[in-house]
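Dear colleague,

I am handing over the structure below, and after it you will find what I noted while going through it.

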Amino acid sequence: QVQLVESGGGLVQAGDSLKLSCAASGGIFSTYSMGWFRQAPGKEREFVAAITGSSSGSYPYYRDSVKGRFTVSRDNAKNTVALQMNSLKPEDTAVYYCAADQRGTGVATNARYYAFWGQGTQVTVSS
């Protein structure tokens, strides 16, 4: 069983930055692809970014709308994954979740492939 705990959310103004962190316990963290998803009120949960496990080179993937603004990284020694968010926009407002994909086969953008989820952290960007 893998437990995930996110932190770092908050209220910021458009153009500001935030860094989300996700601490994992249980399982073999380095082998998992780790994803970040978000869900805004009234909308479906959507893929934001992910990073492959160490056996796949810890390669990052992003949805188009965050490319160049968000950076996903992982520290396998500390069992953490981070999402650095720069140049935030009001449309980035959502609850952000980290998730673990145990399959170790690249990156999935579909939430159904992620077996473990954190509780979420709120990010609010005011205009």
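Strand β10, which covers residues 116–117, runs antiparallel to β9 and is joined to it by two bridges, and within this pairing A99 stands opposite W117. Please keep in mind as you read on that this is a predicted model.

Which residues touch the most other members of the largest nonpolar core? They are L4, W36, L83, M85 and Y96, in a core that counts 29 residues. The elements that contribute two or more residues to this core are β3 (18–25), β4 (33–39), β5 (46–51), β7 (70–75), β8 (80–85), β9 (94–101) and β11 (121–126). Apart from this core lies another, made of six residues, among them F47, A99, A108 and Y114. As for M85, once its neighbours within four places in sequence are left aside, its contacts are D16, S17, L18, L20, R69, F70, Y96 and V123.

Two residues around β9 deserve a separate paragraph. D92 is placed in the loop between β8 and β9 and is buried, with a relative accessible area of 0%. Its side chain is joined to that of R38 by a polar contact of 3.0 Å, and, not counting residues up to four places away in sequence, D92 touches R38, R69, F70, S87, V123 and V125. Between D92 and S65 the C-alpha to C-alpha distance is 9.4 Å, although the two are 27 residues apart in sequence.

T121, in strand β11, counts as buried because its relative accessibility is 11%, which is under the 20% limit. The side chain of T121 reaches the backbone nitrogen of G9 at 3.2 Å. Leaving aside neighbours within four places in sequence, the residues in contact with T121 are E6, S7, G8, G9, L20, A94, V95 and Y96.

Turning to the aromatic residues, the structure holds six aromatic pairs. In one of them, F37 and W117 have ring centres 5.0 Å apart and planes at 55°, so the pair is tilted. Because F37 lies in strand β4 and W117 in strand β10, this pair ties together parts that are 80 residues apart in sequence.

Over the ring of Y97 sits the charged end of R45, 3.9 Å from the ring centre, and the charged end of R74 sits over the ring of F29, at 4.6 Å from its centre.

With best regards

Key
Residues are numbered from 1 along each chain as its sequence is written. This is a predicted model: local features need pLDDT of at least 70, side-chain atom pairs count only at pLDDT 80 or more; totals for chains, interfaces and linings use all residues. Side-chain values use heavy atoms; hydrogens and water are left out. A nonpolar core is a set of buried Ala, Val, Leu, Ile, Met, Phe, Trp, Tyr and Cys residues joined through side-chain atoms within 4.5 Å. Buried means under 20% relative accessible area, exposed over 50%, partly exposed in between (1.4 Å probe, protein chains only). Helices (H or I, at least four residues) and strands (E, at least two) are DSSP runs, numbered from the N terminus. Contact means heavy atoms within 4.5 Å. A polar contact is a pair of N or O atoms within 3.5 Å; within protein, one must be able to donate a hydrogen and the other to accept it, and residues adjacent in sequence count only if both atoms are side-chain atoms. Two strands pair if DSSP finds at least two bridges between them. Rings of Phe, Tyr and Trp (its six-membered ring) pair if their centres lie within 6.5 Å; planes under 30 degrees apart count as stacked, over 60 as edge-to-face and the rest as tilted. A charge sits over a ring if NZ of Lys or CZ of Arg is within 6 Å of the ring centre and within 35 degrees of the ring normal.
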